[in-house]
Amino acid sequence: MSKRTARAAVYDAPNTPFVIRNYPLRDVRRDEVLVRISMSTICRSDIHSWEGRRPNPCPGILGHEIIGVIDQLGEDVTLDMRGGPLAVGDRITWTEFFHHGASYYGDVHDMPQKSNGIRKYGHDLVEEDPHFLGGFAEYCYVVPGTGILKLPDELSDEEATPLNCGVATMISVVEASEIQMGDIVAIQGLGLLGLYGCAMAKTRGARLVIGLDSVGDRLEAAKKFGADVVVDISGRGEDEVVDEVRALAPPDGVDAVIEVCGVPDVVTAGLKMLRIGGRYTLGGIVTPDADVTLDANMFVKKWITLRGIHNYHPRHLIQALDFVVANRERFPFRDIVDSTFRLDDLNEAFRRASERTVLRAAVIP
Ligand SMILES: [Zn+2]
């Protein structure tokens, strides 16, 4: 390769504008892939980093929901996670995290996403080789320890880009909530995770899916994604909301509640919605100091199972892809990415995503 450079929107510090800079592209090593980015989407956690609510190395390139086309393929990278052959020109997605070497959590407990020393795309210093390890740029290196998945042609970029964070994470959350045929399921929060969650609960055979949120557009959207009933919680007290949900779930409350709104205040309501033996899965509360006061006696008397889920196993990325491919005619996944921006307009894209005036903002370099 002759000396090439590519553009990136660099995050210098929280709450400062992104700046476009050029960095060198080098040839791939034998175990790497160079991808020309087709699309990246802005995840809620990118906004948390941008707002300084969680630490992220600076200067860096944010963005981990990424897809792209293979530009250079290292000679050792021949197959994707499913064993399908990889070639230059293939459109791929990949796990948002990478790790190599021994891993106590990965090897012993089958939780590779919690490996000590794990690294994530969109969380690295841009000044260091290989510079391009984030989504808001023209290129990204896919490095050893990443699970790669080839994308089928039928899937649009808009359907494919959120797979490797939002959709795969929700697969992981829904698996943990053990939704059974005939269950009544309540989902707290109808952002991207919640909308996919409604659809997944429905396809797992839930008899009734109840979606809760305070944003009118999201409540409306949830009806198209499998929510049978939506409950607007804005301006309402906890008891009122709990009573409404429990009235929908005779004789004694819902089987499973899923939290994907990131608001600790909803946890007590979620627990009160459950029947005896019910399951509560937390997937959205990712920022620290989310203190909640709970009556621990409720866990005992009501036999409640509480689980927290963070990130996903590589198998969940495969399931996310299969789920979207199998159900894209039933649910309008293509509408979730509802706005696109150029790399030069990343500041505007983040502003809109932060205000929640867009559901999922896409960036096309
Ligand atoms: Zn994310």
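Phe341 has its place in strand E16 (residues 337–342), where helices (H or I, at least four residues) and strands (E, at least two) are DSSP runs numbered from the N terminus. This is a predicted model, in which local features need pLDDT of at least 70 and side-chain atom pairs count only at pLDDT 80 or more, while totals for chains, interfaces and linings use all residues. Residues are numbered from 1 along each chain as its sequence is written.

Phe341 counts as buried because it has 20 C-beta neighbours inside 10 Å; a residue is called buried if 20 or more other C-beta atoms lie within 10 Å of its own, exposed if 12 or fewer, and partly exposed in between, with C-beta atoms placed from the backbone. Leaving aside its neighbours within four places in sequence, Phe341 is in contact with Leu346, Glu348, Ala349, Ala361 and Val363, two residues being in contact if their C-beta atoms, placed from the backbone, lie within 7 Å. The C-alpha atoms of Phe341 and Ser40 are separated by 9.9 Å, although these residues are 301 residues apart along the chain.

In helix H11 (residues 346–355), the residues Leu346, Ala349, Phe350 and Ala353 are buried. They cover an arc of only 95 degrees around the axis, which puts them on the same side of H11; the arc is that of the directions from the helix axis to the C-beta atoms. An α-helix has 3.6 residues a turn, so residues three or four places apart point the same way. What covers the buried residues of H11 includes strand E1 (4–10), H1, E16 and strand E17 (360–364).

Arg356, which comes just after H11, is found in the loop between H11 and E17. Its phi is near 65 degrees, a positive value in a residue other than glycine, and Arg356 counts as partly exposed, with 13 C-beta neighbours inside 10 Å.

In helix H6 (residues 216–224), Arg218, Ala221 and Ala222 are buried. These residues cover an arc of only 105 degrees around the axis, which puts them on the same side of H6. Their cover includes helix H5 (192–203), strand E11 (208–213) and strand E12 (229–232). Just after H6, Gly226 takes a positive phi of about 110 degrees.

Ala227 has its place in the loop between H6 and E12, and with 30 C-beta neighbours inside 10 Å it counts as buried. Leaving aside its neighbours within four places in sequence, Ala227 is in contact with Cys198, Val209, Ile210, Gly211 and Ala222. Ala227 and Ile210 are 17 residues apart in sequence and 5.7 Å apart in space, C-alpha to C-alpha.

**Helices H4 and H10**

The axes of helix H4 (residues 166–176) and helix H10 (residues 314–327) come within 8 Å and cross at roughly 105 degrees, where axes are lines fitted to C-alpha atoms, for helices over the stretch in contact, and angles run from 0 to 180 degrees between N-to-C directions. That makes H4 roughly perpendicular to H10, since angles under 35 degrees count as roughly parallel, over 145 as roughly antiparallel, 65 to 115 as roughly perpendicular and the rest as oblique. In this contact, Val167, Ala168, Ile171 and Ser172 in H4 meet His316, Leu317, Gln319, Ala320, Phe323 and Val324 in H10. The residues of the contact divide into seven nonpolar, three polar and no charged; Ala, Val, Leu, Ile, Met, Phe, Trp, Tyr, Cys and Pro count as nonpolar, Asp, Glu, Lys and Arg as charged, and the others, Gly among them, as polar.

Glu178 lies in the loop between H4 and strand E10 (184–188). Phi of Glu178 is near 50 degrees, a positive value in a residue other than glycine.

**Two domains**

The domain assignment gives domain 1 (4–155 + 328–364) and domain 2 (168–308), with bounds that come from an automatic or database domain assignment. The centres of the two domains, taken over C-alpha atoms, are separated by 29 Å. Eleven residues of domain 1 are in contact with ten residues of domain 2. On the side of domain 1 that touches domain 2, the largest share, three residues, comes from helix H1 (residues 44–50).

| Residues joined | Omega |
|---|---|
| Cys58 and Pro59 | about -10 degrees |
| Asp129 and Pro130 | about 5 degrees |

Pro59 has its place in the loop between H1 and strand E4 (65–73), whereas Pro130 lies in the loop between strand E7 (119–120) and strand E8 (139–142).
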